Amino acid sequence: MAGAEQHKKRIAIMGSTGSIGTQALEVIRAHTDLLEVEILTAQTNDELLIAQALEFLPNAVVIGDEKKYEAVKSALSQTNVKVFTGEQALEEVADFDSYDIMLAAIVGFAGLRPTLKAVSKGKVVALANKETLVVAGDIVMQTALENRAPIIPVDSEHSAIFQCLVGESRNPIEKIILTASGGPFLGKKPNFLVNVKRDHALQHPNWRMGAKITIDSATLMNKGLEMIEAKWLFNLQPNQIEVVVHKESIIHSMVQFQDGSIKAQMGLPDMKLPIQYALGFPKRMQNDFPRLNFRKYPNLSFEEPDYKTFRNLGLSIEALKKGGNMACVLNAANEVAVWAFLKNRIGFLDITAVVEKTMEKIDFIATPTMEEYFETDGEARNFAASLMKL
Ligand code: NAD
Ligand code: MG
């Protein structure tokens with residue numbers, strides 16, 4: 001990078017109004033000497049997007065909801081901020097040359113196209129949007145390789161593994177150990193879960209996150225998606241990926257090497273840490289976040305996940321092993337089912353049932369093209385919705 005001393009990294013935040021997006025802006029606010037905002041995007045929250053744009057004065061913003069376009073445009077009329085809307089807008093801004101790093105923080109399948117665009121342009125991608133790799137990990141990673149686009153994970157577990165691997169490029173991984181908090185229903189059985197309501201499932205013990213990933217954490221689908229994410233990020237076989245429940249969320253994940261030695265990355269559960277690490281990489285930036293005090297954690301616990309109760313884990317492992325479009329099906333059915341659960345249309349355990357039935361129904365494709373991934377996603381969504389009579 002020319003003039004690296006002066007050049008601030010210009011960040012495109014896709015999904016700036018979400019949990020990850022707003023925490024990323026906190027990180028940038030504290031490091032204005034190193035980072036600046038180039039692009040901000042939001043789906044519906046025009047008020048927050050406007051406030052963010054007035055504070056950070058990016059080159060461009062995208063408001064997904066076309067009905068909100070005029071409001072955003074007129075609120076920013078005294079600035080030079082360009083305002084985009086419509087279906088193509090995310091890919092259009094992702095195609096800009098002017099940013100250095102894309103923080104992919106849109107939730108769900110909607111994040112795939114803009115992230116793939118950034119990767120195909122050889123941009124650095126700080127990846128929070130795990131669904132992108134779950135759906136089309138083979139094509140995304142291959143495109144990244146061909147265009148020398150570094151993908152730096154933001155998901156805390158994958159950031160932990162990435163950090164453990166720094167300096168180890170010649171040392172093969174024996175296995176990784178993904179830690180799971182267990183979510184709000186750790187230790188509960190199906191007779192309890194059958195009656196669980198949305199507001200209870202939205203109470204996560206250790207993390208404050210967007211609604212979709214909070215439900216995924218309660219069903220353990222989040223950990224299943226993370227196993228698939230890890231396979232692609234670190235080029236692993238299914239039997240090299242282990243999950244252990246660690247309810248304190250202090251060890252964010254671990255890598256075991258061929259000599260049996262294990263490295264762990266630890267810290268308080270705060271997403272600003274992995275976000276900051278990804279934006280600063282390879283440099284660690286100073287901050288004044290609270291520090292971990294081991295005396296406050298005299299016991300760190302580890303236990304086997306309850307695969308019988310949290311069947312999403314088993315379904316994810318099936319998709320992980322089968323490959324092809326299976327994880328795309330799993331993801332699509334899960335997105336629709338979680339949406340229905342959040343609308344109180346189905347029960348908690350129905351989420352897993354919908355995913356399982358959809359995985360049985362949709363035709364398997366061993367090596368899908370990008371178009372086939374989009375078709376699979378659409379078919380799986382339609383079938384899942386029909387199961388729930390949506
Ligand atoms: P969120 O729901 O809080 O925010 C989502 C953002 O995406 C918002 O800015 C929203 O406007 C935008 N968005 C939603 N639907 C969209 C669509 N159809 N088109 C375009 N934009 C859309 O979600 P979050 O918790 O910030 O999670 C974002 C991603 O990061 C997810 O993939 C999640 O799995 C991952 N992640 C989140 C956390 C966390 O702590 N929140 C941790 C690890 C990984
Ligand atoms: Mg995670």
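Phe281 counts as partly exposed, at 27% relative accessibility. Buried means under 20%, exposed over 50%, partly exposed in between, with a 1.4 Å probe and protein chains only.

A word on the basis. This is a predicted model: local features need pLDDT of at least 70, side-chain atom pairs count only at pLDDT 80 or more, and totals for chains, interfaces and linings use all residues. Residues are numbered from 1 along each chain as its sequence is written, chains are lettered from A and ligands numbered from 1 in the order written, and side-chain values use heavy atoms, without hydrogens or water.

Back to the rings. Rings of Phe, Tyr and Trp (its six-membered ring) pair if their centres lie within 6.5 Å; planes under 30 degrees apart are stacked, over 60 edge-to-face, the rest tilted. That rule gives eight aromatic pairs. One of them joins Phe162 and Phe281, edge-to-face, at 5.1 Å centre to centre with 70° between the planes. These two are 119 residues apart. Phe162 is buried, at 18% relative accessible area.

Which residue makes a tilted pair with Phe281? Tyr277 does: the centres are 5.8 Å apart and the planes sit at 55°, so the pair is tilted. Tyr277 is buried, at 6%.

Elsewhere, Phe185, Phe192, Phe341 and Phe348 form one aromatic cluster.

Last, the ligand. Domain 1 (2-153) and domain 2 (158-322) both give residues to the shell around ligand 1, so ligand 1 lies between them. Those bounds come from an automatic or database domain assignment.

Conventions. Helix = DSSP H or I, 4+ residues; strand = E, 2+ residues; numbered from the N terminus.
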